[in-house]
Protein chains: 2
Amino acid sequence: MKEDIQKTIPLPTIRRMPNYLRVTADFLEEGKEWISTTDFSEILGLKPIQVRKDLAFTGLAGKPRLGFEVSLLIKAINDVLGWNNRTDAILVGAGALGSAILGFKGFAEHGLNIVAAFDANPALVGSTIHGKTVFSLDKLDNLVERMGITMGVITVPEAVGQETADRMIKAGIRGIWNFSPVTLRVPDDIIVQREDLSSGLAVLSVKLSENRI
Amino acid sequence: MKEDIQKTIPLPTIRRMPNYLRVTADFLEEGKEWISTTDFSEILGLKPIQVRKDLAFTGLAGKPRLGFEVSLLIKAINDVLGWNNRTDAILVGAGALGSAILGFKGFAEHGLNIVAAFDANPALVGSTIHGKTVFSLDKLDNLVERMGITMGVITVPEAVGQETADRMIKAGIRGIWNFSPVTLRVPDDIIVQREDLSSGLAVLSVKLSENRI
């Protein structure tokens, strides 16, 4: 049943779920017991109908006048996102962006556990970044296989993005979080989530030009 | 006329524009003169009808059998995104994420020119990161006003995200690119583009769980 619900969640709804989670966690911190569609609508700037549709995917029913019970909603959203389970991952590319990601504490809260980093640069190999050891690339296959790791984070320069993905997939990685500005070509059963900072800049640039600032 | 066209571009189309641009630039580098809807469709995994709809916003008409002229399309997309113009910006928060952004060469190609960084940490003030000087926060107002800067990049920790935005807006910033995991409350005439790494992780987590890896 749960699996069926998950499969029908639209991507934009999934993308908004972390926002609902954060707002609800803020309410919990402030000692509030209930949170309503109107609260979400005002804080996140979404239409109430959108909030209602999105939160329906949690399987929780809100109560009239009160809304959702804060603690139940947090658990339900984490369940939808699979963030109550831990996922082990590796990261390839321990430069500035890779270091920033290794140091981002938010991921651990969401169940993402980066167990090791890899880099082609001998000067970085053997060092420790935010508590994670940087290994040489030729250790990747063995570590991924031995630990049964299925998620890989790519933070290498554009020129080596594809070969990094190929290497990960050959080692057994099934899901790739790609921060490299390259469109990866992967087999159909591999999942790629791309983070493209240029697309955020595109939105901001167009909106600013519309306002003729 | 151009302004009218811009106002009607849907957000998802704007977000895809940098992808079209990158693929087209690859074609230019490979010495190709023409690029077709089919090329985009195959490389980016989009439906041909989607590609056609998106590229219609450039105002260019493709030629039957040939598609778009590569050099014209690059210029047209850059025009749509305003990336042929230079936008000066400041960045607040020169930690790991801020450093990664200061070092990302892609932004300069898209007209974003970060002129200075600011940080509350005295140990960072006066240092140079990827060629940009880090100033103390109390220099922000004066520099923004003096240089007429309208765009600000926020890469500070969550706890100080809102006060950083308030400070920027007071100094004259009109557009904010927010990498801090906080929902900013700003006046109606201020544009905020939020980059939320958690939403990318959400998508990947849900897709991976659907595949039951």
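**Exercise 1. Which residue stands opposite B:Ile129 in E6(B)?**

Before we start, a word on the ground rules: this is a predicted model, in which local features need pLDDT of at least 70 and side-chain atom pairs count only at pLDDT 80 or more, while totals for chains, interfaces and linings use all residues. Residues are numbered from 1 along each chain as its sequence is written, chains are lettered from A and ligands numbered from 1 in the order in which they are written, and side-chain values use heavy atoms, with hydrogens and water left out.

*Solution.* 
- Step 1: Helices (H or I, at least four residues) and strands (E, at least two) are DSSP runs, numbered from the N terminus.
- Step 2: Two strands pair if DSSP finds at least two bridges between them; E5(B) and E6(B) are joined by 2 bridges and run antiparallel.
- Step 3: The residue opposite B:Ile129 is B:Lys132 in E6(B).
- Step 4: The hairpin of these strands has 2 residues between them, and B:His130 takes a positive phi near 45 degrees there.

**Exercise 2. Find the order of the strands in the sheet of chain B, and its edges.**

*Solution.* 
- Step 1: The sheet is open, has 7 strands with mixed pairing, and reads E5-E6-E4-E3-E7-E8-E9.
- Step 2: Strand E5 (128-129) and strand E9 (191-194) of chain B each have a single partner strand, so one side of each lacks a neighbour in the sheet.
- Step 3: Further in, strand E3 (residues 87-92) and strand E4 (residues 112-119) of chain B run parallel, joined by 6 bridges. B:Thr87 faces B:Leu112 in E4(B).
- Step 4: Helix H8 (residues 140-147) of chain B packs on the sheet and touches E3, E4 and strand E6 (132-136). Contact means heavy atoms within 4.5 Å. The direction of H8 makes about 160 degrees with that of E4(B); axes are lines fitted to C-alpha atoms, for helices over the stretch in contact, and angles run from 0 to 180 degrees between N-to-C directions.
- Step 5: E4(B) also pairs with E6(B), in the parallel sense over 3 bridges, where B:Asp119 has B:Ser136 as its bridge partner.

**Exercise 3. Describe how H3(A) and H4(A) meet.**

*Solution.* 
- Step 1: The axes of helix H3 (residues 37-44) and helix H4 (residues 48-56) of chain A come within 9 Å and cross at roughly 115 degrees.
- Step 2: H3(A) supplies A:Thr37, A:Phe40 and A:Ser41, and H4(A) supplies A:Pro48, A:Val51, A:Arg52 and A:Leu55.
- Step 3: Sorted by class, this contact has 4 nonpolar, 2 polar and 1 charged residues. Here Ala, Val, Leu, Ile, Met, Phe, Trp, Tyr, Cys and Pro count as nonpolar, Asp, Glu, Lys and Arg as charged, and the others, Gly among them, as polar.

**Exercise 4. Work out how chain A and chain B are related.**

*Solution.* 
- Step 1: A rotation of 180 degrees, with 0.0 Å of shift along its axis, superposes chain A on chain B with an RMSD of 0.1 Å. That is the relation of a two-fold axis.

Conventions. Least-squares fit on C-alpha atoms with pLDDT ≥ 70 in both.
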